[in-house]
Amino acid sequence: MDKMILLKDDLSKFITELLKKNKVFAPIQSDDTILFDQITRPSEMNLDFCKSEIPPKNLLFHQTETLFKFTPGTKAKIESVDVDEKKVIFGIRPCDAKSIAILDHAFKGDYEDPYFLSRRDNTALVGLSCNKPEINCFCTSFDDSPASSKYVDILLTDIGDKYYVEMNNEKGKQLTEGMSNLFKHAKESDAKKKKEVEKKAVDMISRHQKTNGIVEKLDKIFENPFWKEVAFKCVGCGTCTYLCPTCHCFDIQDESTLTKGARVRVWDTCMNPEYTLQASGYNPRPARTNRVKNRIYHKYNYYPKNFDVIACVGCGRCIDLCPVNIDIIDVVTRAGEVKA
Amino acid sequence: MVDEKELRDVVKKTISRDDVKYVVGYEKGTYGFQATPCFAYKPEDAEKFIFSPLCVHNLTVFPMLEEKPPLRKGEEPDTRKIGVVVKGCDSRAIVQILQEKGLERDKVVIIGIPCSGVIDPKKIEAKFPGHIKKVEVNDEDDKFAVTVDGKTQKIPKDELMPEKCKTCEYPNPVLYDILIGKEIKSKKKEDYKKVNAFEKKSMKEKWDYWEKQFEKCIRCYACRNACPLCYCKECMVDQLNPQWVRRSVNLSENTAWNLLRAFHLAGRCIGCEQCERACPMGIPLMKLNKKIEKEIKEMFEYEAGISAEEKPLLAMFKPDDPEEFIL
């Protein structure tokens, strides 16, 4: 793994170089919200943020995605949809990058999802360490760090007047080919500086979730009244799931007019009663309590059983934006303490 | 300032009644400036109840969210009452629902609390960003006394209140069974200043503005679910046959959703601002609701959620109702 230095003054040159061969997506500020969107100039992005409102998973797993187009009727014609060009997600946080690695399991599982996977192959992740975690950040509860380079191709860490650059793999190296004039080899002191910055960020994380033995514990407390206590206040909106970087459920629908149609895939949410409603009219998760419980179980029990990883990265978005303060740090920690 | 002991005693008394299923009120949230809905099923549960300017939720949504899962053989439905803690604005939601016969009066026990304004969580979190563990907020006449990590600051209410509180004409619950504390006198007046200013913009400016807002919508339906007046058995956007609004999330469908919701609340929205508070994307939904509220007030001299005996706006007719808008 190569450790380099990029001067802050050279950042826009780096972006300009990336733009020559790739579509670049970066955090953009609009009103009070930060969202990842395509940029055409380095000046459009804003790197002074903690996390984007919507996680950048939506660049690989679109909220609305046309799977193919068709013309209705007896002489139906089917038209496939172009797969994305080469793309760089610049400024992705280590937690959000980890979520994409978690999503890989689902989309590479029993059935390969060509839409997600081809986009994933064509996308390079240039991460940016998180120097100012916010109140509900808890990535350290999963043995990760706000400056972890594990899940990105290149990681930049702001160490004052320059970025400490970790080229993580071949993809990262290829991306920066021909830009050697911008990067210099890092010195021992730069590596030390990164460690300091990382420690400072880790120390800023004040909330922690206890996940020891949670998978087994959840097996024992499925019918516990605890779930009613934590979930009765849920109003049943989909904010927590739509803003979750690891949630990946979708619905598929045909949307057509008389002359043209498309099969679309849209995000779905297990908070919606319709999600489990069966054609017979029976609903195995009839109450909000069942649905909130499912959200927790999917992340902390089913996913670890299937793929050996907890499907939560500790970004805290579901806590920040829940209208009734259903707090996954609190819920999971308390679930661990419930008497089975 | 509300006497929390009095509140807890009332909750204790209410939940001790045989005909009450549970009481919904507020408790301290899990971090920072959060308060959160909580439920008392037995007298001891009342101990955690609080009331402070951080109690922003409209709890009247809970009786409307009551689920009726299929009963097991021999099981009787639980028809006991629900106790609800309400502020002035919240109580108007109950009145409006009663008016629409969405709820029967004897199915709720209303515990009213006069309120001189709450705190917008977004505004206070912006003022005290970061890692706050211990906070306390008290109401002191025209100021909020905010104690963070042992230091108290007095902040003028206008700086922290949501818009609805700045022009609130109903600080006292308009309907209640039990009132906690004394009624408040208020001279505030809804003057629709923001609506009037927005109306002056050109058609194009307005459309561009709303396009930008609706583009942000992720259709999580937090606006709908946090709203006590959105209680249709099946929401129009959930219907599949026919499908009125497509599932695709794009400007066209998002606009359809946000406008249809605004119109379905015409003459029904009581201005509790829960939709705007719950929206994760910061869409200023109250701008739509307030515009419709103003038009209705001017044309029909009607205000939602004031009298349970009155008929709903869309269920009454006066021969001299204006009809210039009919083509």
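These notes cover selected features of chain B in a predicted model.

1. Helix α1. Helix α1 of chain B runs over residues 4-16. Its 13 residues should span 18 Å at 1.5 Å a residue, and the end C-alpha atoms are 18 Å apart, which agrees. The buried residues of α1(B) are L7(B), V10(B), V11(B), T14(B) and I15(B). They cover an arc of only 125° around the axis and therefore sit on the same side of α1(B). In an α-helix there are 3.6 residues a turn, so residues three or four places apart point the same way. K5(B) and K13(B), on the other side of α1(B), are exposed.

2. Cover over α1. The buried residues of α1(B) are covered by elements of chain B that include the strands β1 (20-28), β2 (35-40), β3 (81-86), β4 (108-112) and β8 (178-179).

3. Q274 in helix α11. Q274(B) belongs to helix α11 of chain B, residues 274-278. With a relative accessible area of 2%, Q274(B) falls under the 20% cut-off and is therefore buried. Neighbours within four places in sequence aside, Q274(B) is in contact with V56(B), H57(B), N58(B), K164(B) and A226(B). D90(B) is 184 residues from Q274(B) along the chain, and their C-alpha atoms are separated by 10.0 Å.

4. Cis peptide bond. N241(B) and P242(B) are joined by a cis peptide bond, with omega about 0°. P242(B) is placed in the loop between α9 and α10 of chain B.

5. Positive phi values. K101(B) is not a glycine, yet its phi is positive, at about 60°. This residue lies in the loop between α3 (88-99) and β4 of chain B. K101(B) is exposed, its relative accessible area being 72%. D141(B), also a residue other than glycine, has a positive phi near 50°. The loop between β5 (135-140) and β6 (143-148) of chain B holds D141(B), which is exposed at a relative accessible area of 71%.

6. Nonpolar surface patch. M299(B), F325(B) and I326(B) make a nonpolar surface patch of about 300 Å². Of these, F325(B) is found in the segment after α12 (285-300) of chain B.

Key:
Residues are numbered from 1 along each chain as its sequence is written. Chains are lettered from A and ligands numbered from 1 in the order in which they are written. This is a predicted model: local features need pLDDT of at least 70, side-chain atom pairs count only at pLDDT 80 or more; totals for chains, interfaces and linings use all residues. Side-chain values use heavy atoms; hydrogens and water are left out. Patches are made of residues with over 30% relative accessible area and no salt bridge: like charges are joined within 9 Å, nonpolar side chains (Val, Leu, Ile, Met, Phe, Trp, Tyr) within 5 Å. Accessible areas come from the Shrake-Rupley method with a 1.4 Å probe; for residues, only the protein chains shown count as cover. A salt bridge is a side-chain nitrogen of Lys or Arg within 4 Å of a carboxyl oxygen of Asp or Glu. Helices (H or I, at least four residues) and strands (E, at least two) are DSSP runs, numbered from the N terminus. The expected span of a helix is 1.5 Å times one less than its number of residues. Buried means under 20% relative accessible area, exposed over 50%, partly exposed in between (1.4 Å probe, protein chains only). The arc is that of the directions from the helix axis to the C-beta atoms. Contact means heavy atoms within 4.5 Å.
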